[in-house]
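Thanks for making time for this. I would like to walk slowly through one model with you, so please have the sequence and the structure open as I talk.

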Amino acid sequence: MAIISTINVIEQPEQHVLSIRTTIHFDDYPRVAGQAYGRIMEYAARNGLLFSSGPFVCYHNADLENLDVEMGFPVAKPVTGEGDIMGYVIPVQKAVSGIFLGAYTDTDPLMMEIIQWIAEHGYEQQGEIYNYYLNDEDRPVGELLTQIVVPIK
């Protein structure tokens with residue numbers, strides 16, 4: 001659909017998160033993500049935890065055959081995990097961000113624009129790429145909002 005925000009530099013606040021990290025083939029992402037988010041939601045419910053915003057995915061690499069990916073939710077306070085559900089803190093970080101309207105699978109143009117913007121403005125990508133899903137996936141595809149956040153130095 002469309003890039004609906006200006007690409008700009010932000011300072012992302014510290015975030016406490018619950019997540020599951022795994023290595024998968026990209027084609028398996030929808031199934032694995034659904035399972036991971038479900039398990040984290042069950043864990044949170046059993047432990048009386050509330051999420052502070054919607055789900056995120058963190059891409060630790062770009063190898064679609066062996067994709068190192070993490071799925072999770074921000075929470076408002078420090079948490080511990082259980083088994084492969086990790087509780088940890090994403091530190092404050094400077095990042096470049098933009099928002100996309102449309103199907104999750106169509107966000108690549110925004111990602112490419114962000115990477116180009118970073119290079120053109122004299123920054124360097126530092127670390128992972130985060131996609132934050134800003135509204136409910138049960139909405140029509142044309143209403144889905146994804147914020148892409150790329151840490152920089």
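P140 is partly exposed, with a relative accessible area of 48%, where buried means under 20%, exposed over 50% and partly exposed in between, using a 1.4 Å probe on protein chains only. P140 sits in the loop between β8 and β9 (145-151), strands being DSSP runs of E of at least two residues and helices runs of H or I of at least four, numbered from the N terminus.

Before I go on, this is a predicted model, in which local features need pLDDT of at least 70 and side-chain atom pairs pLDDT 80 or more, while totals for chains, interfaces and linings use all residues. Residues are numbered from 1 along each chain as its sequence is written, and side-chain values use heavy atoms, leaving out hydrogens and water.

Now to E70, which belongs to strand β5 (residues 67-75). What is the nearest side chain of opposite charge to E70? That is R21, 4.9 Å away, and E70 is buried yet has no salt bridge, a term that asks for a side-chain nitrogen of Lys or Arg within 4 Å of a carboxyl oxygen of Asp or Glu; for charge, Lys and Arg count as positive and Asp and Glu as negative, with His and the chain ends not counted.

Finally, α1 (29-46), β5, α2 (108-120) and β8 (129-133) each supply at least two residues to the lining of the largest pocket, and α1 gives the most, with six residues.
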